[in-house]
Amino acid sequence: MEARAPRPGVPVRGSETGRPVMAALDLLGRRWTMRILWELRQAPVGFRELQRRCERMSSSVLSTRIEELSGARLIAPDGDGYRLTELGRDLVEALSPLGAWSRRWAEEMGPATADGPQ
């Protein structure tokens with residue numbers, strides 16, 4: 001069975017109309033998706049290495065996410081591994097402000113402890 005990536009214009013979680021932003025959030029909200037994109041941001045990576053970097057996620061989940069991300073045209077095969085496409089690189093770049101915001105948020109929240117934030 002082929003993994004189906006959310007597509008703009010097709011109903012997705014949270015949107016019966018499949019608004020593009022909702023389709024993107026559906027795809028990016030799937031477990032491991034952001035981590036895979038993160039690991040591919042600098043250079044192509046093979047399946048086994050990607051699985052290792054992603055804390056040894058199951059091969060079936062990794063295969064499914066690779067199919068979804070390929071179907072969404074965010075990653076593509078590259079020799080023995082996978083790389084970000086131009087669209088995938090644009091996405092990682094677009095998420096950069098979120099990274100900056102998250103660092104500011106972490107500073108505002110202060111150090112976390114086993115009992116929760118201070």
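Predicted model: local features only at pLDDT ≥ 70, side-chain atom pairs only at ≥ 80, totals over all residues.

Visitor: What percentage of the residues in the protein chain is buried?
Guide: A residue counts as buried when its relative accessible area is under 20%. The protein chain has 118 residues, and the buried part of them is 31%.

Visitor: How much accessible surface does the protein chain have?
Guide: The C-alpha trace spans about 45 × 35 × 25 Å along its principal axes. Carbon and sulfur atoms hold 53% of the accessible surface. The total for the protein chain is about 8200 Å².

Visitor: Which element gives the largest share of the lining of the largest pocket?
Guide: The largest pocket holds about 350 Å³ of space. It is lined by 14 residues, and the closest to its centre are Pro8, Leu27, Ala72, Leu74 and Leu87. Two elements give two or more residues to this lining, helix 1 (20–28) and helix 5 (86–94). The largest share, 5 residues, comes from helix 1.

Visitor: How many residues in the lining of the largest pocket are nonpolar?
Guide: Leu, Ala and Pro are among the residue types that count as nonpolar. The lining of the largest pocket also has 1 polar and 2 charged residues. Its nonpolar residues number 11.

Visitor: Which element supplies the largest share of the lining of the second largest pocket?
Guide: About 260 Å³ of space lies in the second largest pocket. Its lining includes Met34, Trp38, Val92, Leu98 and Arg103. Helix 2 (33–39) and helix 6 (96–109) each supply at least two of the lining residues. The largest share, 6 residues, belongs to helix 6.

Visitor: How many residues in the lining of the second largest pocket are charged?
Guide: Arg counts as charged, whereas Gly is placed with the polar residues. The lining includes Gly99 and Arg103. By class there are 7 nonpolar and 3 polar residues, and the number of charged residues is 1.

Visitor: Is Ile36 buried or exposed?
Guide: Ile36 lies in helix 2. Leaving aside residues up to four places away in sequence, Ile36 touches Leu50, Cys54, Met57, Leu62, Arg65 and Leu69. Because its relative accessible area is 0%, Ile36 is buried.

Visitor: What distance separates the C-alpha atoms of Ile36 and Arg56?
Guide: Ile36 and Arg56 are 20 residues apart along the chain.

Visitor: Why does Gln51 count as buried?
Guide: Gln51 is part of helix 3 (residues 47–53). The cut-off for buried is under 20% relative accessible area. Gln51 counts as buried because its relative accessibility is 14%.

Visitor: Which residue's side chain makes a polar contact with the side chain of Gln51?
Guide: Apart from residues up to four places away in sequence, Gln51 touches Arg56, Met57, Ser58, Ser59 and Leu62. The polar contact of its side chain, at 2.9 Å, is with the side chain of Arg48.

Methods:
Residues numbered from 1 in each chain as written. Heavy atoms only, no water. 1 Å grid on protein atoms, 1.4 Å probe; cavity = no way out; pocket = protein on both sides within 12 Å on 5 of 7 lines; lining within 4 Å. Points joined across faces, edges and corners; volume = space filled by probe spheres on them. Helix = DSSP H or I, 4+ residues; strand = E, 2+ residues; numbered from the N terminus. Buried < 20%, exposed > 50% of the residue type's maximum accessible area, 1.4 Å probe, protein only. Contact = heavy atoms within 4.5 Å. Areas by Shrake-Rupley, 256 points an atom, 1.4 Å probe, with all protein chains shown as cover. Polar contact = N/O pair within 3.5 Å; in protein donor to acceptor, adjacent residues only side chain to side chain.
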